[in-house]
Protein chains: 4
Amino acid sequence: MTTWVLTLSCPDRPGIVAAVAGALAGLEGNITESQQFGDPETGLFFMRVQVACEADRELIAEAIGAVGQQFAMTWNLDEVGRRMRTVLMVSTAAHCLHDLAYRQRSGQLPVEITAVVSNHETLRPIADFYGLPFHHVPVVGGSAESKESAEAELRRIVESTGTELVVLARYMQILSDELCRDLAGRIINIHHSFLPSFKGARPYAQAHARGVKLIGATAHYATADLDEGPIIEQDVARVEHDDPVAQLQAMGEDVERRVLARAVGWHAEHRILLDGRRTVVFH
Amino acid sequence: MTTWVLTLSCPDRPGIVAAVAGALAGLEGNITESQQFGDPETGLFFMRVQVACEADRELIAEAIGAVGQQFAMTWNLDEVGRRMRTVLMVSTAAHCLHDLAYRQRSGQLPVEITAVVSNHETLRPIADFYGLPFHHVPVVGGSAESKESAEAELRRIVESTGTELVVLARYMQILSDELCRDLAGRIINIHHSFLPSFKGARPYAQAHARGVKLIGATAHYATADLDEGPIIEQDVARVEHDDPVAQLQAMGEDVERRVLARAVGWHAEHRILLDGRRTVVFH
Amino acid sequence: MTTWVLTLSCPDRPGIVAAVAGALAGLEGNITESQQFGDPETGLFFMRVQVACEADRELIAEAIGAVGQQFAMTWNLDEVGRRMRTVLMVSTAAHCLHDLAYRQRSGQLPVEITAVVSNHETLRPIADFYGLPFHHVPVVGGSAESKESAEAELRRIVESTGTELVVLARYMQILSDELCRDLAGRIINIHHSFLPSFKGARPYAQAHARGVKLIGATAHYATADLDEGPIIEQDVARVEHDDPVAQLQAMGEDVERRVLARAVGWHAEHRILLDGRRTVVFH
Amino acid sequence: MTTWVLTLSCPDRPGIVAAVAGALAGLEGNITESQQFGDPETGLFFMRVQVACEADRELIAEAIGAVGQQFAMTWNLDEVGRRMRTVLMVSTAAHCLHDLAYRQRSGQLPVEITAVVSNHETLRPIADFYGLPFHHVPVVGGSAESKESAEAELRRIVESTGTELVVLARYMQILSDELCRDLAGRIINIHHSFLPSFKGARPYAQAHARGVKLIGATAHYATADLDEGPIIEQDVARVEHDDPVAQLQAMGEDVERRVLARAVGWHAEHRILLDGRRTVVFH
């Protein structure tokens with residue numbers, strides 16, 4: 001029997017859970033996991049349901065579609081455990097690539113890495129080691145033209161591989177507003193800082209200069225407004241007065257890869273729903 | 001409109017969520033929070049639902065009762081925000097009493113402390129400060145007779161005050177098996193250690209001797225099998241080689257009161273369900 | 001035998017440790033704790049030494065004074081365990097006052113609270129409970145005149161009680177630049193946020209709106225540049241999408257009091273030295 | 001100019017710091033880091049000093065040797081940054097090997113991995129990827145004979161490569177008492193549990209059955225008394241009621257590799273000194 005994951009959001013009103021549960025019960029589905037959240041501020045209702053069911057996708061989609069129409073839902077249906085097709089974008093820092101590739105291979109992350117795209121050649125050997133297709137897509141001198149052609153190439157890769165998720169795994173280029181909009185909610189970035197602190201360049205040097213006692217990392221969806229996209233996950237590590245910037249950086253890398261891996265995993269399992277500038281995370 | 005909290009458990013099978021949600025929808029109830037868990041090992045299903053509803057308690061109980069019979073449920077219905085009547089049992093350590101009394105008064109804990117019971121007079125001034133009835137119930141020399149009469153007195157206090165929850169807030173006496181059984185799932189203990197480590201006396205001295213780098217605390221339901229009751233919550237703090245036992249103890253007290261306050265709050269909000277030797281915590 | 005704590009800073013160069021240790025050895029002192037840090041960026045050297053010694057204060061001060069002159073040191077000598085005379089300034093939030101007063105009484109904090117000063121009457125009962133002198137020093141309408149006279153009164157209290165440390169334990173008034181300068185390095189503030197995030201008013205509401213997954217608190221020395229004083233300690237707690245602002249606030253209070261207690265304790269034990277905008281914390 | 005790291009321990013008495021600092025000052029050494037600890041229980045004194053000095057090793061050793069004799073010290077002198085020659089022993093779990101190899105290559109760990117030794121062929125490709133010599137040393141059927149010959153082979157590898165440290169990076173074989181004694185204080189093990197909890201087999205299954213809310217890992221020196229060696233570092237991760245054993249294992253792996261990497265780094269930097277059953281960690 002297949003287990004399905006259904007996510008949905010709609011304006012909050014009585015009867016939603018009953019309608020959804022009723023539709024699934026009508027298909028002899030057994031709900032194995034269910035979480036919901038009504039946001040009193042936005043008036044929106046969010047739900048994630050896992051249901052074991054012998055009916056096929058069409059039958060389920062039909063049943064849910066009827067309920068969806070009744071409640072003006074945005075909804076999505078997927079198979080639990082299906083590996084989400086994912087592109088990793090990197091520059092020269094290896095730690096996130098290593099970590100995600102390792103976790104994919106060891107079965108900890110339900111993703112299929114369809115391509116590693118980089119503006120440098122540096123990390124090709126790591127992609128090779130894990131048997132991942134590597135695409136060198138240079139951005140020469142940061143010129144507008146070069147960026148545009150790089151993004152066009154990225155779009156070609158995303159489309160030709162049927163990619164669903166783009167992970168900026170320490171990719172040091174800013175994506176265009178247009179690309180962020182087109183792939184809204186499908187690009188995850190790891191920010192090497194505890195947002196909203198220390199935006200911009202060299203955050204660990206900024207953190208060191210400010211004398212902070214904790215450093216952090218933030219995984220968020222990329223939006224046109226740089227570093228302001230909805231936050232998915234954050235974590236911190238403790239630093240001391242005698243930790244030089246290099247040590248902060250090493251510790252920061254550990255936090256980054258941990259935070260990014262969690263965010264990617266939750267996204268791939270459809271555990272994250274967008275609620276305006278915020279995220280609902282059913283973990 | 002009142003918001004109700006319904007908790008239930010029963011053997012897992014298809015249709016439970018639909019039946020519950022349908023019953024509540026039939027009363028025009030609006031589900032505002034819902035969590036569930038099917039334990040593949042015990043085959044049991046657990047659910048906690050908050051529902052805003054204009055129907056009165058009897059109508060809701062009737063509707064749920066019908067579903068409950070159909071699925072062989074154990075279920076409970078309460079009003080959200082109602083303060084659970086709670087007895088605190090203490091000996092001479094003040095930190096947990098202080099913390100719980102402060103949190104009650106500042107509205108952070110949905111409990112009403114009906115009595116502070118102690119085998120010592122030491123903490124009476126704190127109870128007085130917070131305006132809490134204090135009962136000195138001595139256990140003289142730890143004799144069986146004295147314990148028995150102390151427990152009888154405790155039972156009288158619990159009954160006469162309509163107390164629903166007993167919190168062992170660093171009460172240094174062992175309760176009888178009989179009392180643990182009679183109040184099963186209604187007595188919360190804070191263990192000054194990270195169970196299953198360091199059971200028994202002087203855990204911080206044991207931890208120091210062993211040279212651990214983390215100390216912890218565990219809140220659990222009291223059972224006849226001392227220190228083996230279902231764990232509700234645990235947390236830790238980091239220690240260094242030059243922290244003497246007294247420092248471990250001070251840090252340990254901080255962890256204890258934090259962990260105990262969380263456990264009491266979750267219990268009072270009906271967020272904890274028993275699943276054999278384990279707890280399901282819907283937080 | 002008395003144990004002394006010596007703290008010092010000076011331009012870094014060879015021979016400092018040997019000179020200090022030699023001077024103390026000349027007095028038959030036994031060094032029981034010693035920490036040091038040379039900051040490569042500022043070129044400054046920092047040291048904290050605990051020494052058990054039968055010589056009296058004058059003899060030790062003379063010996064250290066000679067070394068101090070040789071190396072152009074700023075230094076301080078105190079008795080280990082002496083309780084630092086401390087004023088707590090509060091407004092209406094009780095959690096930090098409760099916590100510090102409780103820790104003083106239970107011997108966890110080496111401070112003697114000489115006065116609780118507040119611009120409100122709200123917390124007088126708590127001060128009374130702990131037997132602490134309470135001074136109501138109103139700031140009427142926030143007028144410049146009223147602030148000035150309140151600060152004058154605060155100065156009188158600080159001087160007449162021989163107070164060494166002022167703790168802003170959720171005191172919701174901004175101190176004048178002049179007072180911050182006069183008591184530089186002797187005023188500790190708890191900021192209800194994870195600086196440098198969310199400065200200014202209602203940080204928990206800001207944090208909630210931004211959808212952060214961690215909230216934090218920062219203890220720092222107060223300076224004229226609000227919220228920019230040297231950071232002493234920071235900590236965080238994890239929040240979820242369904243935690244309303246009130247819940248963030250309750251969790252935030254827990255973090256605040258923990259962080260503030262650590263900062264006050266370290267200061268009272270002379271574990272914090274100022275290194276420009278940063279702190280050296282020998283814990 | 002070379003920076004040296006000196007570690008020492010001896011019976012505690014006045015004058016040790018002065019004597020050491022004086023000896024180094026006599027060589028025009030500049031102490032850049034210094035930490036010490038006097039254990040009141042064992043009466044032992046521990047110290048770690050980093051000193052920048054133009055004198056060569058012989059001169060320094062001579063000066064320290066004289067002081068060492070005076071105070072009956074055990075002491076060690078090494079160059080800061082020298083990479084410690086290290087053998088990794090593994091079985092089939094890849095996470096610790098991956099992590100340590102990655103950290104070595106990226107310059108985060110001051111070790112030189114001289115060999116990867118395994119009783120299985122499984123992880124050879126990872127060793128190859130990182131360019132590390134891989135030795136398959138099977139232990140057939142766990143027979144005493146096979147174990148003996150495997151240990152003899154391990155000793156040969158350790159000796160022929162001038163290896164100073166052996167890391168049991170999830171090596172699932174028990175070493176002989178004799179080997180543990182011969183390499184006392186030079187074998188680091190990662191225990192997949194929060195010692196002293198859950199010794200023995202399948203700790204994550206044990207932890208799940210017990211319903212713990214935190215899982216942890218412990219790095220310790222290996223001794224003949226299995227799982228009882230001096231603890232170096234511990235850390236934890238939070239688990240929920242609905243995390244199956246496999247999830248606990250995945251989270252546990254993250255904790256394990258983090259904890260092990262810290263322990264190996266501290267050992268390689270001579271930050272750990274043995275104090276009976278406990279460790280002094282100068283980090």
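**Notebook: two interfaces in a predicted model**

I began with the pair D and B: chain D and chain B bury about 3200 Å² between them, and carbon and sulfur atoms give 50% of that area. Buried area here is the accessible area, taken with a 1.4 Å probe, that two parts lose on being put together, summed over both. I use it because the size of an interface is often given as the accessible area lost when the parts come together.

Notes on the source. The model is predicted, so local features need pLDDT of at least 70 and side-chain atom pairs count only at pLDDT 80 or more, while totals for chains, interfaces and linings use all residues. Residues are numbered from 1 along each chain as its sequence is written, chains are lettered from A and ligands numbered from 1 in the order in which they are written, and side-chain values use heavy atoms, with hydrogens and water left out.

**Entry 1: chain D against chain B**

The contact (heavy atoms within 4.5 Å) takes 35 residues from chain D and 35 residues from chain B.

I then looked up the charged pairs. A salt bridge is a side-chain nitrogen of Lys or Arg within 4 Å of a carboxyl oxygen of Asp or Glu. I found four salt bridges between chain D and chain B. One of them joins the side chains of B:Glu233 and D:Arg238, at 3.0 Å from N to O.

For polar contacts, I took pairs of N or O atoms within 3.5 Å; within protein, one must be able to donate a hydrogen and the other to accept it, and residues adjacent in sequence count only if both atoms are side-chain atoms. Between chain D and chain B there are 14 residue pairs in polar contact, both residues at pLDDT 80 or more.

Which elements of chain D give two or more residues to the side that touches chain B? Helix H7 (203-210), strand S11 (231-238) and strand S13 (278-281) do. S11(D) gives the most, seven residues. Helices (H or I, at least four residues) and strands (E, at least two) are DSSP runs, numbered from the N terminus.

I laid chain D on chain B: a turn of 180° with a shift of 0.0 Å along the axis gives an RMSD of 0.0 Å. That is the relation of a two-fold axis. Superposition is by least squares on the C-alpha atoms of residues with pLDDT of at least 70 in both copies. The two copies meet through the same surface, because 100% of the interface residues of chain D are also interface residues in chain B.

**Entry 2: chain B against chain A**

Here I read about 1300 Å² of buried area, 56% of it on carbon and sulfur atoms. In chain B, B:Asn30, B:Ser34 and B:Gln36 lose the most area to chain A, together 32% of what that side buries. Chain B and chain A each give 20 residues to the contact.

The rule for polar contacts finds two residue pairs, both at pLDDT 80 or more. On the chain B side, helix H1 (16-25) and strand S2 (30-39) are the elements that give two or more residues. The largest share, eight residues, comes from S2(B).

A rotation of 180° with 0.0 Å of shift along its axis superposes chain B on chain A, with RMSD 0.0 Å.
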